[in-house]
Amino acid sequence: MYTEDYKHNGFLIRKLLLKIILILAILIMLIWIVPKFITYKPSNKVKNNKDSIKITEKNIQKTDFSKNLQTLKEAALVYYKEEKLPKEKEASETVTLKQLIEDKLITNLYNGDKKCDNKKSYVKITKLEEDYLLKVVIVCQNQTDYILVHVGKYDFCTNAICEKGNTTPNKPQEDKKKEEKKEQEEINKEKEEEKLVINEKENKQEESKNPPVNINKPVVTPPSSNNNTNYEEKLTEFGPWSNYTRTSCNTAPITCDIKDKNCLKEIQIKKEQELIRTELKKYTTISLELMYKSTTMTLACKNYNYVNIQGTTYKTTGDYEQIAYLGNKTSTDSWRYIGTISTRQTPNFGGDKYYKFIGGDFSSCGNTCPNGPSYYYEVYQYTKSLIRTNNLLEGCNGFANKRINHYAIAKQSQTVARSEFVYGEVCYESFRTRKVMK
């Protein structure tokens, strides 16, 4: 009896344990599987929208070099406030495109789909005798371009500095319309008066030809001429000349004969040469630059360095190769900056003296530059020995394999540009009138 009850109770316990284990297994599987179906996955639509926004933003900012230069120039004119301008003559201040972006004066610039270099693109302002020279440089990948602009502190500037432009303020459109309306009213009034005078004259002529006849009265002999009352039309004196107003250059001047009763208005025209627009004008010159051709290795004196220029080999105790890094009035161990010159002629390359092209000098040009500008060159002097040699093994204390770089002196085309005034003929009209009086 005990054995049967034990077996029966044991079977129930095992059955209950199996159910519990099965339920736990199902719960574990649900916990593992369900999150895979409810985990958030960003839709492709959202990703694509982000990509399209980036592409659109980049496309909007694609501009050519010319527009980039103008955009960077305008940002620099806002940036250079009074306290940021150089004070001494030939002193300079430079701001990079990166700094202008950080100051929220400009956004990233693109040439095609290539982003311009924020660190290498910059604006440099140099103090001249009376105004400033602004150099705007854009570097995008392997392409570089720049413009030079003369700016200054003028009465019409809205910032601390600006370009020279049309200093004549535009007359408000409303005032201009009022003047035109007033002038037209005067012309219409004069035409009406002329019409009345002509009508009266025609009526009198008609009456003199066909006088009224009274058939009930006998014809009376007209009185003698001594008793006639004569009416004579007279011309008044011309009034004062009006103020000059702008008119078409096709308008012809009018001068009236003193007795011509049909000519009641005289017109005189004056022509002026005035500023009508500005345009970007480019000037080109030639500079002489050292161009790398090749490198050779040869046995030579170990205590010298060697360089070959235009087929002639020189030995030197300095580092002639530093010529590639000269600029910004900076000296090196082997090259010394000795000054800046302005000339219309291309300086010769002298081996131990290097003229680095900087830009155009428009200081003597005024508003236009018919004979072309001068050009700035930074002058550097080689401070080490530079001895021409035909025998690389002569006078050596020892020998070593030496590298010899070969260079050629090449003509390099240099272009500068600036905004210039364009003048044209503008015509003005003044008139005066008179009347016919009885």
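1. Buried here means a relative accessible area under 20%. The model is predicted, and the points below should be read as describing that model. With this cut-off, strand S12, residues 305-309, has four of its five residues buried, so the strand is largely enclosed by the rest of the structure.

2. Strand S12 has strand S13, residues 312-316, as an antiparallel partner, and five bridges join the two. Within this pairing, Ile309 is placed opposite Thr312 of S13. The two strands make a hairpin with two residues between them. In the turn, Gln310 has a positive phi of about 55 degrees.

3. Strand S12 also pairs with strand S18, residues 399-433. Here the sense is parallel, and the pairing extends over four bridges. Tyr306 stands opposite Ile404 in S18.

4. As for the whole protein chain, the secondary structure comes to five helices and 19 strands. Of the 438 residues in the chain, 32% are buried. The chain exposes about 30700 Å², and carbon and sulfur atoms supply 51% of that area. Taking contacts between residues at least 6 apart in sequence, 74% join residues at least 24 apart.

5. The aromatic pairs need a cut-off before they are counted: two rings pair if their centres lie within 6.5 Å. By this rule there are twelve aromatic pairs. In one of them, the ring centres of Phe357 and Tyr375 are 6.0 Å apart and the planes stand at 40 degrees, so this pair is tilted.

6. Phe357 and Tyr377 are both buried.

7. What else do the aromatic residues form? Tyr320, Trp335 and Tyr382 form one aromatic cluster. Two lysines are also placed over rings, as follows. The charged end of Lys315 sits over the ring of Tyr304, at 4.6 Å from its centre. Lys270 lies over the face of Tyr428, at 6.0 Å from the ring centre.

8. Is Ile161 buried or exposed? Its relative accessibility is 1%, so Ile161 counts as buried. Ile161 is placed in the loop between strand S7, residues 143-152, and strand S8, residues 162-163. Setting aside neighbours within four places in sequence, Ile161 is in contact with Leu77, Tyr80, Leu85, Ile125, Tyr132, Val151, Gly152 and Lys153. One of these, Leu85, is 76 residues from Ile161 in sequence, while the C-alpha atoms of the two are 9.2 Å apart in space.

Methods:
Residues numbered from 1 in each chain as written. Predicted model: local features only at pLDDT ≥ 70, side-chain atom pairs only at ≥ 80, totals over all residues. Heavy atoms only, no water. Phe/Tyr/Trp six-rings, centres within 6.5 Å; stacked < 30°, edge-to-face > 60°. Buried < 20%, exposed > 50% of the residue type's maximum accessible area, 1.4 Å probe, protein only. Lys NZ or Arg CZ within 6 Å of the ring centre and 35° of its normal. Contact = heavy atoms within 4.5 Å. Pairing = 2+ DSSP bridges. Areas by Shrake-Rupley, 256 points an atom, 1.4 Å probe, with all protein chains shown as cover.
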